[in-house]
Amino acid sequence: KFEFNPKDGIDNPALSLAEDTDGEGMGEPRFYLLSKGSMETFGFCLHEELGYQGHIIRQVELGGLAQRRGLQDGDRLLQVNGHFVDHMDHCKVVQKIKASGNQVLLAVLDGDSYEAAKALGRDLSQMLPADIRPRLCHIMRDKSGFGFSVSGPKGVKGTFQLSVRQDGPAERAGVPPGSWLLELNGASVRSYSHMQLARKVRAPSAGGWGTGDGDVIECPAFPIQLKQSGSKVTLLVASSAVEEFYRVRGLRVTAALADTSWLPFKVRELHMVKGPAGYGFLLKEDDCSSGATGQFLWDVDVGLPAEQAGMKEGDRLLAVNGESIEGLDHQQTVLRIRAHDDQVTLLVIDPAGDEFYQSVGFEDPVWSHQ
């Protein structure tokens, strides 16, 4: 059955399937994509309670985001952004949610089903899909092209399936054969016709897939030659199973939900123990390339803990001790760094990586560290 709040419409229903398991009426995990403003909350608390197992959803705010989406008091949290968390330390799970910034994908199981599954000794991780994350892939063109072609039914917008040449740039960048194209260079393709997609990257030209002239969009009786402007392209792709997972639940797939392990741009975690002369860096507030305000690391002193941990001039600060600083001003960020007197762990990204993530829709690259 679909459960939804009529006030919200049916753009984000939770799919809840019930089935008999070993004679017990046991529900299936439910999935919720919560997206909030920077000054809002998700509208629930996560508890660890004496005498009860699991991470328990409590204090669901009346009329809040969590309640509107369908989260219920007593639900047990199983997964955060595609990562199984039932076995994790409670504080780490809370940090994982906070590190998600303004958007988080949760999988929960109702309390009765959770207790029944535990009593039966079921492996709760087996109740969840093995992989529910799309993949973000950055492809560098070589002399033979990008190593992929696109096909789809004529006259149908936004439906593009990828064929991947073996050992070509696309395969090396992590594009799975037969996956579906969702975004091109940070822009959704769901409203594109085949001709619009071709124009988006450059006008049709001679040549074909596997040549230096470009890659091919193919559809029945409607071949189009596609030549990418420049030497690189970033694709958000999903396997058929992942695409179906989101589609049947009415959830929109975005880059913020993606597996970024194939990207050449990485966030870095710096753990520092304060020395007699401090950490050895300055935190300054400045504008990001997106126009938003960010916190940047400068004046890194040679030989002090910051440099020894790998800090570089111009790194942007993303999180402190596992919690995103999204929405914090300069003074609040400083206080968070000083919250522990003798040590701190910072999540940072260099300018090139920061610019890349913002270009493909990652306002807060903390997601890439999930």
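**Helix 3 and its ends**

For my notes, buried means under 20% relative accessible area, exposed over 50%, and partly exposed in between, with a 1.4 Å probe and protein chains only. Helices (H or I, at least four residues) and strands (E, at least two) are DSSP runs, numbered from the N terminus.

Before going on, I reminded myself that this is a predicted model, in which local features need pLDDT of at least 70, side-chain atom pairs count only at pLDDT 80 or more, and totals for chains, interfaces and linings use all residues. Residues are numbered from 1 along each chain as its sequence is written, and side-chain values use heavy atoms, with hydrogens and water left out.

Back at the start of helix 3, I saw a side-chain oxygen of Asp110 within 3.3 Å of the backbone nitrogen of Asp112. I log that as a polar contact, that is, a pair of N or O atoms within 3.5 Å; within protein, one must be able to donate a hydrogen and the other to accept it, and residues adjacent in sequence count only if both atoms are side-chain atoms. Just after the helix, I noted Gly121 with a positive phi of about 75°.

**The cores**

Which residues have the most contacts inside the largest nonpolar core? I listed Phe31, Leu105, Leu124, Leu136 and Tyr246, in a core of 35 residues. Such a core is a set of buried Ala, Val, Leu, Ile, Met, Phe, Trp, Tyr and Cys residues joined through side-chain atoms within 4.5 Å. Helix 3 (111-119) is among the elements giving two or more residues to this core, and others include strand 5 (30-35), strand 10 (103-109), helix 6 (240-248) and helix 9 (351-359).

I then followed Tyr246: leaving out residues up to four places away in sequence, it touches Leu105, Ile132, Arg133, Pro134, Leu251, Val253 and Leu257. Contact here means heavy atoms within 4.5 Å. Apart from this core I found another, of 19 residues, including Phe148, Val164, Val175 and Tyr192.

I placed Asn81 in the loop between strand 8 (76-80) and strand 9 (83-84), and its relative accessible area of 4% makes it buried.

Asp299 also has a positive phi, about 50°, and is not a glycine either. Is Asp299 buried or partly exposed? I have it as partly exposed, at 37% relative accessible area, in the loop between strand 21 (293-298) and helix 7 (305-309).

**Thr333**

My next stop was Thr333 in helix 8 (residues 330-337), which counts as buried at 0% relative accessibility. Its side chain reaches the backbone oxygen of Asp329 at 2.9 Å. Neighbours within four places in sequence aside, I found Thr333 in contact with Leu283, Gln295, Leu317, Ile325 and Leu328.

**Cysteines**

How many disulfides are there? I counted zero, taking a disulfide as a pair of cysteine sulfur atoms within 2.5 Å. Cys45 is partly exposed at 31% relative accessibility, whereas Cys91 is exposed at 53%.

**The whole chain**

To finish, I jotted down nine helices and 24 strands for the protein chain. Of its 370 residues, 48% count as buried. Among contacts between residues at least 6 apart in sequence, 66% join residues at least 24 apart.
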